[in-house]
Amino acid sequence: MDIKLLENGIHLHIHITDEGDVRLYNFGIEEQKSEPAGDSAKKYRLVEVHESGRNQNDHHGSKHTGSSPGGQLKYRDHSSQRNESGLLFTLVQEHEGLLVTSYIQFYDNIPVIRTWTDLKNDGLSSRSVEFVSSFAYTGLSGGAGEERDRDSFISLPHNTWYGEVQWKRYSPSELGYHVVNDFSVKRIRCTNTGTWASGEFLPMGAYENTRLGSTLLWQIETHGSWHWEISDIAGEMYLQLFGPTSQENGFQKVLQPGEIFRSVKTAIACVHGDFEKAVQSITSYRRRIRRPNEDNRKPAVIFNDYMNCLSGDPTTEKLIPLIDTAAKSGCLYFCIDAGWYDDGPWWDGVGQWLPAEKRFPNGIEEPLERIKSHGMIPGLWLELEVMGINCPLVGKVPREWFFIRNGQAVIDEGRYQLDYRNPEVRAHADSILKRVVEEYGAGYIKMDYNINAGIGTELDADSAGEGLLQHTRAYLKWLDDVFERYPSLIIENCSSGGMRMTWSLLSRQSIQSVSDQTDYLKNAVIAVNCPTAVTPEQAAIWSYPLKEGDVEETVFNMVNAMLLRVHMSGHIANLSSQRLDVVQEGIAYHHRISENLTQALPFWPIGLAEMDDDVISLGMDCGDTLYLAVWKLKGESASISIPLQQLKGKKAVVECSYPKDLPLRFEWKHKENRLLLDMENKTARIFEVSIG
């Protein structure tokens, strides 16, 4: 039996043999021209799942091939049904009482699928699972055979504190993969273990096949442990996406009779085109799955007192001039960041979240009311998943509140990790949020997370990795409940900047703090790349004019955030009138175009940015209008050329839209579809392109 689907440009072909074996023969932009033959066909599994004590029957090295009962599963049934998103396809396989259900959700008019796997123990004894794929496809190289290491590129999203979203594009050989046989034990892989889901890599990746003209771009939707790998089997490249696994992440799940386990969800864009087109497709998908937030429909500028400003040392005296100037500048939110809950060093004492008396002699209500008096929405910084080792509550709460490993509470950087599976922990968090929202009147929460609690917790779990997965899901459920109680509350996702930049959180929270980078020049590089990971209207980028800066530095800072989400900071109350004028102009311009940006698709006319680039650029395509940011970082030549090939054959009017009154030489070359301009080092501009 053959099941062939064509949805939104994606061809899917599943073959079921007479013996009941299920094979995924095709997932791509074209209809399959030939089918694998002989023993190689057995390698085209729809799912890999492995149980302890079973033979991993393959010369696999560390690869997740040859799994058992993955290789013994037999077809049971399948179904297709339309829901509000599009077509949902499900297929059930079974072996000795283990039911394995694969889900593939399509999205109307978007070439993206969302996939996950359910395991159900339909037997009478427990089953110990070491890994289960959320997506598995053998066929990436499209039948290239011995040339499968050619005509393809793999993009890895390197990530670090102060240096988020740094994609690098490699050939397979540059990553150490070569065709040496009809299969290899060499993997190209990315893995995260712990509670910083994007501490070293974003939970993403991309595979571009230049011979076929196609690109796959994927994301793993968890803020815990995850793993993906690319390698070869039977002369063909494969891609496998997982949540936590035993080998990489210390995960083991013991399925009791009747119990169901659901894998982590993943999403895969499959496009005829390049990396940029794949990002645009997954941007549309992200908007489709996201919780409806008024804040994303009508995004507004936020002032936060932390970055290159108060740096965790707020007081009423320091806040008042910032509040007044932020309001004068046009900010609509003002968030008091870290330090408001302790009179002294606060890092390892967090947990009670009570206002510091010395910082706020008349109570924290005084600055919060000052914010409200200007018509701004007040916000506060919280970190509700941790408790400092010197918090007065530590000796009063049960040890079951914390992650436990080897019988000991887990401590990282002076904090305990709270376990959100525990109802008392959730009640504790609820009580704090209730006070902050209902008593203090905060409408904005900056929810930070600044530790990595490691592999997980062994308390009431089959393994530490399984305990972590349970915790992350309990935290998401808690977030969902919070939004049920406070539907208009805005919760920013932060984790030392972008250390948990993941769609399990961003499908709920409306804003992502992309980076903690304090150098505005490097911050521009991060800003250019961040729409690969976050929708523009959710990507909060700092704009922090410096005390010692000049007008061009202020403009540069504003341009960093202008096409994304402006996250103002810096000592703006100390700026000269000329510099404050360009801040006000920038905020007003951002508010004018921000609703257009909620539907915009990002593009990169000169490619993604790298830290050593001289010139970088980011565009937003809004249909009849393009917005284009250009930054000149360094270099001897002032001449810059920006190609806009999407304007070929179209009439276009180009203007420098921000700032309006500073000099700039530029020329639009209509026949060449190219913008020529002269810019000095450390300058930036926004252009608006109207398409006739």
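# Cavities and a strand in a predicted model

Trainee: What volume does the largest cavity have?
Mentor: The largest cavity has a volume of about 100 Å³. Keep in mind that this is a predicted model.

Trainee: Which residues are closest to its centre?
Mentor: Leu46, Ser102, Ile104, Ser134 and Phe135 are the closest to the centre, out of 13 residues that line the largest cavity.

Trainee: And which elements give two or more residues to that lining?
Mentor: Those are strand 7 (98-107), strand 8 (110-121) and strand 9 (127-138). Strand 9 has the largest share, with four residues.

Trainee: How many of the lining residues are nonpolar, polar or charged?
Mentor: Eight are nonpolar and five are polar, and the lining of the largest cavity has no charged residues.

Trainee: How does anyone find where empty space is left?
Mentor: A probe the size of a water molecule is rolled over the atoms, and that shows where empty space is left.

Trainee: How many cavities of 30 Å³ or more are there?
Mentor: The count comes to five.

Trainee: What about the second largest cavity, how much space lies in there?
Mentor: About 70 Å³. Among the residues lining the second largest cavity are Lys43, Arg45, Glu48, Tyr137 and Tyr238.

Trainee: Which strands supply at least two residues each there?
Mentor: Strand 9 and strand 16 (236-242) do. Strand 9 also gives residues to the lining of the largest cavity.

Trainee: New topic. In strand 28, which residues point which way?
Mentor: Strand 28 covers residues 444-447. Tyr444 and Lys446 point one way, while Ile445 and Met447 point the other way.

Trainee: Which strands pair with strand 28?
Mentor: Strand 22 (residues 377-382) pairs with strand 28 in the parallel sense over four bridges. Strand 29 (residues 490-493) and strand 28 also pair in the parallel sense over four bridges.

Trainee: What stands opposite what?
Mentor: Tyr444 stands opposite Ile490 in strand 29. For strand 22, Leu380 has Ile445 of strand 28 as its bridge partner.

Trainee: What unit do strand 28, helix 8 and strand 29 make?
Mentor: A right-handed β-α-β unit, in which helix 8 spans residues 464-485.

Key: Residues numbered from 1 in each chain as written. Predicted model: local features only at pLDDT ≥ 70, side-chain atom pairs only at ≥ 80, totals over all residues. Heavy atoms only, no water. 1 Å grid on protein atoms, 1.4 Å probe; cavity = no way out; pocket = protein on both sides within 12 Å on 5 of 7 lines; lining within 4 Å. Points joined across faces, edges and corners; volume = space filled by probe spheres on them. Nonpolar A, V, L, I, M, F, W, Y, C, P; charged D, E, K, R; others polar. Buried < 20%, exposed > 50% of the residue type's maximum accessible area, 1.4 Å probe, protein only. Pairing = 2+ DSSP bridges. Right-handed = clockwise from strand over helix to strand, strands pointing away.
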